Amino acid sequence: MAVTEQDVRHIAGLARLGVADERLPSLVGELNHILEHMAVLEKVDTKSVDATVGVGSLAMPLREDAGPQLPLARSRDAFAPAVRDGFLLVPRLATHTALGASSVDDEDSGTEDLE
Amino acid sequence: MSDARLLDMPAAALRDAIAANEAPASEPVRASFRRAAAVRAGEDGLNIVLHADEAASLRDADALPKRLSPGVGTTAERASDLALVGVPLAVKDNIATLTLPTSCASHILEGYVSPYEATAISRLRAAGAVVVCKTNMDEFAMGSSTENSAFGPTLNPLDPTRVPGGSSGGSAAAVAAGLTRIALGSETGGSVRQPAAFCGIVGVKPTYGRVSRYGLVAFASSLDQIGVFGRSVDDAALAMEVIAGRDPLDATSADLPVPRYRDAARADGGAADAPRDAAALATPLHTATREKPLNGLVVGRPKEYFPPSLDPRIAALCDRALDRFRALGAEVRDVSLPHTDLAIPVYYIVAPAEASSNLARFDGVRYGLRVEGEGLRAMYEATRSRGFGKEVTRRILLGTYVLSAGYYDAYYKKAQQVRALIADDFSSVFAAGVHVLFTPTTPTTAFPLGAKSDPYEMYLSDIFTATANLAGVPAMSQPIGAVDGLPVGGQLLAPHFREFDMFRAAYALERALGAEATA
Amino acid sequence: MTATSTRGTAAADAAREKYEMVVGLEVHVQLKTRTKAFCNCPTDFGAAPNVNTCPVCLALPGALPVLNYRAVELATRAALALDCKVNRISIFARKNYFYPDLPKGYQISQYDQPLAEHGALAIGKTKEGADLCVGITRVHMEEDAGKSVHDRYSGATAVDLNRAGVPLIEIVSEPDMRSSAEAGAYLRTLKQILEYTGVSDVSMEEGSLRVDANVSARLRGETKLGTKTEVKNMNSFSGVERALEAEFARQCAVLEAGGTVEQQTMLWDGARGEVRPARSKEGSHDYRYFPEPDLPPLVLKPEWCDKVKASLPEMPAARRDRFTKEYGLAPYDVELLTSSPRMAEYFENVARASGDPKAAANWVMGELSATLNATGEDLDRFRVRPADLAALIGMVRAGNVSSTAAKAIFKEMARTGDRPEQIAEREGLLQVGEDDALVGWIDEVWAEHPEEARRYAAGEKKLQGVLVGFVMKKSKGRADPKRVNQLLAARAAGGGGA
């Protein structure tokens, strides 16, 4: 499998990496050169492998529903690029759908400016 | 005490000297800063140090308890409490510290000072260690030479025309240049062991889950592990005793007892009188003697790590080390790890995939660099394209690609399956009675700056080290000789959580090689 | 694309005859925990912006998630209450997308190995009397994102991460509903179950329950599913029903005109009663799910699940059946008494302690509900203990207090929390049944109302009620009316010493 300029533009979009057009051809070459070396994996027989459980496969430890909030040694304003009245500010979304919505069930408003 | 004495004595001896009030705790810190100036460790020289603040480090040293008057610090409990009192510590710049910045050698985190501290740092500071610098690295730990730093490459103190290895090259160079006896690095595919080999020091990658990752800026979460550098095996073992063990803030940290790794230096290996639960993590060597401390230990020699193409001089040094193991009473057995050659392809799918997700948080919203643009999307893209360097960008793209719709099964899922086969290789060999494995750490010695411009060629530097990260097993590198005046590292690997056995072999080999280890 | 309103036209009505609505619902529910899913930050509603945040939920470099035990327990309760099979091993996954309210750049969710699957929820009865069931595809755990406020500052979106990391479950149904009314019934039943099990506060207003709907239309009799759209942005159960109607009407119109329904996301505008397409195209998302490496697999042993199951309260439907059979209550009464789990438990305690379920039902639905409504009190903190109300019922039955007096006593119990016997004694409300006292009052009435007394004695029986009233008044309600009637009757008959 080899990537094309269009693929690279697409994945750069997904990753929110602004890739300049003039950099595209060399990136395509570099990625394909790396991907060539991955082809060897296709031939490996993995039918009997269950890779769903990670390395170590220890069961998950859980925490109690209590305890002090983890502290911050510096206020949020000290490291955030733009804060007002306690809110983090970002450039206004080009379009939005619901006021005060959460992206968990409304992430469309965030991806709209994809096109 | 002279600077040379303060900085060149083993960490444990320095600690005892401070505890015995032979020197104030601030003295080794001052000596470390004088050494840094003398070897030109700053950006105009070896470029080892990214951030340091002598006044702040001295304040930390002065704040250490003075209760260590002679006789007080001798109880076992107090000794472990303050096992590193006054010992200077260098820390890789991807581990969160409260006073010095944590930039991951990236423009995207330039100037960022973490408002919380990594668990490993908290433990080391509680033991009395004093952070003297944050060290240079490949940006976000992506690289094998420390040439990918946004703040310029680090030079190898043993030969400034060569790289120190990477990605923890700054920490390795700090120890090699004598700034500290102990340093923290991080491993994802060999980033502690490979620079340790290139710089002629000891580097340990613990079992995945042995040391808390809380506060280690994630590169590839299923592979990452904080590791330690020491000038000697004992320095590294001492630091490991302090940082190992369960942390409730890391769900992948294991709830297992921590053996006293330094006991591995004893002829009987100390396993016999270790607490029962900790002893379960060490192999009993009932027939060990002072002359044959490794009686009963089986050292495996995996043939895949000794290919015909291996530099014969490196192979010869490995053979010499294996002879020493035999002389120490160990049985050396030829074994096979058949999936070894798949490690690099697997690694360069899994690691970039996880990285592409881990690095999504660097978006200009909550911390770090923000470059404004027309609207949100433009802000994201301007920030991330300006903030990330070439290699990081390449790996994010690669990782995004292998996870994207239509490619997940062919790349990511397949890679995870082959990864399981690589882990099975280790399990089978260890289940057959082998206690530790011995291999070369790297296929070459430190290469010249700029020698590897092809990314994939650079990736092959990790060919002998990435397997341990993929399988989660502990591994370490120690000096076993030199080729053309450049150090060569030998690698020990052990089953999950069997660091004790690994240290036992390492201590014995270090003692047996003596001065040969650097010649 | 024009918006479609819910206003029906003749053409639309005809289309509705011809087409069938097919609905599946995805419901996000906030779990009732004290702290967030992966860190110790409080889940309090209404804190100042970004105050409930820490290194973990701000996604500071190096911070790691650790899962909340209570969240797992509550999610499992919900899953078991919905008759799901809880998976022994479930896996957390990262759902990757960029949005300012998603600090890590991914949401920790579950993907191909969710917490639980294959459940069912009975939402009512069919015409034939069988259970009307909606299949539950899956229940999985995930975290909420923060809040983006777009209208507060000009040119900027303000982000508040207090909600980021709050634990949610997503309950996905099969496309088993065939009308907006069934969807409404599903949501109301689901809400009741989540309240019963203590899983969630279930308030759409506070955002602890959110609903997305998948809707399609097909010709009646057709078995294949039509192309579905996803409808979002509904803020109430009735909004869901109205949005479904609007979207169904829109799809019918498209199909009637010979067009095809486009798979897309529609947004409900409640104020205008319209749905309109979201701008983004379905398929432009590529979430790049992969197993979350920071969290090992969640392993839930069957024995643990059994324990959780044993701790579940009786589900509303089962309780309704039992109340009907065991206490012989009317359907309307059963519905009212089981509307909340606490009300049902309170009733049952009173019914058992008093041995008089009818009276218990009347008191709980009557005086008790009225008092709670009037004071706005919570039943949990209500001063009248079930045992005391049962005692009061016993006193009425034994004739120790009149029903009028009992109401006064109840008010006093609600005010003070005192026991009914104490109050009756203190206020002199105990019924007087001794003949000596009663005869005394009758004598006085006889003397004060000679005319009525004479006519009654002469056989004018209808005056008995009047005379009893006089006696009751004189006794300030304490006289046992039954005995007064007997004594009066005896006096009229000429016997007795009255």
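Chain B has 18 helices and eleven strands. Its radius of gyration is 22 Å, close to the 24 Å that the globule rule gives for 519 residues, so chain B is as compact as a globular protein of that length. The model is a predicted one. Along the principal axes, the C-alpha atoms of chain B fill a box of roughly 70 × 55 × 45 Å. Of the 519 residues in chain B, 66% are buried. Among contacts in chain B with a separation of 6 or more, 73% come from residues 24 or more positions apart.

The eleven strands of chain B form an open sheet. Their order is β1-β3-β2-β4-β6-β5-β10-β11-β9-β7-β8, and the pairing is mixed. At the edges lie β1 (49-51) and β8 (331-335) of chain B, each of which pairs on one side only. On average, neighbouring strands of this sheet are turned by 35° against each other, direction ignored. Strands of a sheet pair through backbone hydrogen bonds, in either a parallel or an antiparallel manner. Within chain B, strands β4 (residues 182-187) and β6 (residues 225-230) run antiparallel and are joined by six bridges. One residue of this pairing is I182(B), whose bridge partner in β6(B) is G230(B).

Helix α7 (residues 169-176) of chain B lies across β1, β2 (88-92), β3 (130-135), β4, β5 (202-205) and β6 of chain B. Helix α7 runs at about 155° to β4(B). Helix α11 (residues 312-327) of chain B also packs on the sheet, where it touches β7 (298-302), β8, β9 (436-440), β10 (475-483) and β11 (486-493) of chain B. The direction of α11 makes about 115° with that of β10(B).

Helix α6 (residues 119-126) of chain B is mostly covered, with six of its eight residues buried. These buried residues are T119(B), A120(B), I121(B), R123(B), L124(B) and R125(B). They pack against β2, β4, β6 and α9 (233-243) of chain B. After α6(B) comes G128(B), which has a positive phi, near 100°.

Chain B also meets chain C. In this interface, 35 residues of chain B are in contact with 26 residues of chain C. On the side of chain B that touches chain C, the elements giving two or more residues are α12 (343-358), α13 (375-387) and α14 (390-403) of chain B. Helix α12(B) gives the most, with three residues. By type, the residues on this side of chain B divide into 20 nonpolar, nine polar and six charged.

The largest nonpolar core has 297 residues. The residues with the most contacts inside this core are L89(B), F229(B), L397(B), L492(B), A75(C) and V139(C). Leaving aside neighbours within four places in sequence, A75(C) is in contact with L31(C), L115(C), V139(C), M141(C) and I169(C). A second, separate core has 30 residues, including V350(C), A351(C), L389(C) and L429(C).

G24(C) is found in strand β2 (residues 19-30) of chain C. G24(C) is buried, because 23 other C-beta atoms lie within 10 Å and the cut-off for a buried residue is 20 or more. Not counting residues up to four places away in sequence, G24(C) touches S173(C), E174(C), P175(C) and N214(C). The C-alpha atoms of G24(C) and V134(C) are separated by 9.0 Å, although these residues are 110 residues apart along the chain.

Terms used:
Residues numbered from 1 in each chain as written. Chains lettered and ligands numbered in written order. Predicted model: local features only at pLDDT ≥ 70, side-chain atom pairs only at ≥ 80, totals over all residues. Pairing = 2+ DSSP bridges. Helix = DSSP H or I, 4+ residues; strand = E, 2+ residues; numbered from the N terminus. Axes fitted to C-alpha atoms, helices over the stretch in contact; angles between N-to-C directions. Contact = placed C-beta atoms within 7 Å. Nonpolar A, V, L, I, M, F, W, Y, C, P; charged D, E, K, R; others polar. Rg over C-alpha atoms; globule rule 2.2 N^0.38 Å. Buried ≥ 20, exposed ≤ 12 C-beta atoms within 10 Å, placed from the backbone. Core = buried A, V, L, I, M, F, W, Y, C linked by C-beta atoms within 7 Å.
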